[in-house]
Structure formats: structure tokens, C-alpha cells
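Please open the model in your viewer and keep the selection tool handy.

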Amino acid sequence: MLPTRTTAMAGVLFLLAGAAGAQEAWPEEPHDPLEGFNRAVYRFNDTFDRTLLKPVAQTYQDVLPRPVNRGISNFFGNLGDVVNLVNNLLQFKFKQAVSDAGRITFNTTVGLGGLIDVATPMDFPKHNEDFGQTLGYWGLGSGPYLVLPFLGPSTLRDGFGRIPDGYAYPVYRLDDETTRWSLIGLEAVDTRAGLLRASRVLEEAALDPYGFMRDSYLQRRQSLVHDGSPPMMDSDPFLDDSFLDDDSFLDSPDSGGAP
């Protein structure tokens, strides 16, 4: 059964045609024709984050011992390697797929269900692949920039890519709704806790957090699609995302409204 969260996201994609009327208040960017709509969703996400998600994540980080926090992050990272494996296979990156399979095998068994990352020291590196990247790898353009409610920065292509990724992600396929939604909630809080430092940097560095997040997200996605060697972008030749030392900063589904 299609996960509820990805179903709701899919519905958002079909409502975009009605968003054009919200653009008059903001100058249009070449890569952000839906800027008025996107800024409105960004403000909604930001309010939700400041009101609920960030305080919960801060308490979560303060209360849990660091080894427990790390174990929970490792657990969800191990589940995410299933998505990496599927998309590496779809991109014919068989060497990376073998590495992903090795990570899943060793972390699930020796690593106690993924709580301990034993695979990385064994030279099975962590990859970062999703279906949006797979579509880009095979030549599909990103489409307009898009901010999704609760899920954050995306593009039309990457937003659509969340649907097949949802099928591949083990948590969304659990039959027991209580367990499934408990794990989804725990993952959201754990992910947001890992972004607390990055969000402070964003608050201090950006005069326009929305524009900063948008440009950084688009550049990072371009880099991921091309495995770190993207062609020079004519519109933003001097953008540099080297300040990001944590891959989860722009790839997290909860980062869009979390300055």
C-alpha cells in the first residue's frame, strides 16, 4: 500500500497549476517560477518547525545519551541503505550496489539491526541515492523548484521521486499503523535533532534563508545527480556548497522549513 505521506505529497504535485497566482508579490527567479507559492509553504514549514518540531528535537537531543542518539540515527540510516541499493541498481552502478548490499548485511547482523555502523570501517562506504537522482541520471530535468509542506525543499522531479522511494523504504511498508507512524515520527525528530547546528548556521549566515536554502539545495542536487562532478551552471557559476560538512543538511525531508 502506498504510504500516506507520499500519497499526500503526490496530491500536492497536482495542485501546482493553481499556484501561479501567488507569484505577484515576489520577483520571479529563472529556476523558481513558483516562488510566491514556495515562500508561502516555506513560511508554513518554518512556523511548524519553530512551534513544534525544533523544540521537541532539542529536548530529544538533550535527554538522550549520545550513544543512544547515534544508534537511532544508524538504525534509520541502515533502512535508508535499502533505497540507496535500489537506486544504484536502477542507475547500473553495480559496484556501489554491492557496497550497499554489504552495508545492509553487516549492519543488520553484526551491527545489531543497524544500531551500530560496522560497515563503514569495513570499507563499505555510505552512498546517497534516491529516485529523483535516478531520473536525473537518465537525463530527466529537475523541473521547477518546489517546497513541499512538511517535507521541505524539492523540485518537480524530486518530489515525484519520493513516491517510488516510499515503496522501497521498509518503514513505509509496515502493516501495523501504530508501529509505522511511531517510527516515522521518531525518524523526523531524530533527523531534525541532527540539523540543529546547521539551522543555527543558516540563521546567522543568510539574509534571506529561503533563497539561501533554495540555491544551496539546487546546487547540491545537481552535484548528487552527477556524482560530485556537475557541469558548470550558467546561472550560478560561483555557488559553492563546500560549507556543508553534513550531507543530511539539504537532503533531509524535514529541512525545508527549519532555519
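Here are the stops, with a word on the ground rules first.

This is a predicted model, where local features need pLDDT of at least 70, side-chain atom pairs count only at pLDDT 80 or more, and totals for chains, interfaces and linings use all residues. Residues are numbered from 1 along each chain as its sequence is written, and side-chain values use heavy atoms, with hydrogens and water left out.

**Stop 1: helix H7.** Select residues 177-194, which make up H7 (helices are DSSP runs of H or I, at least four residues, numbered from the N terminus). Among its buried residues are Arg180, Glu187, Asp190 and Arg192 (buried means under 20% relative accessible area, exposed over 50%, partly exposed in between, with a 1.4 Å probe and protein chains only).

**Stop 2: Asp208 and Arg39.** Show these two side chains, which form a salt bridge with their closest N and O atoms 2.9 Å apart (a side-chain nitrogen of Lys or Arg within 4 Å of a carboxyl oxygen of Asp or Glu). Asp208 sits in the loop between H8 and H9, Arg39 in H2, 169 residues apart.

**Stop 3: Asp158 and Arg221.** Another salt bridge joins these side chains at 3.0 Å, N to O. Asp158 belongs to H6 and Arg221 to H9, so the pair ties together parts 63 residues apart in sequence. Both residues are buried.

Key: Helices (H or I, at least four residues) and strands (E, at least two) are DSSP runs, numbered from the N terminus. The expected span of a helix is 1.5 Å times one less than its number of residues.
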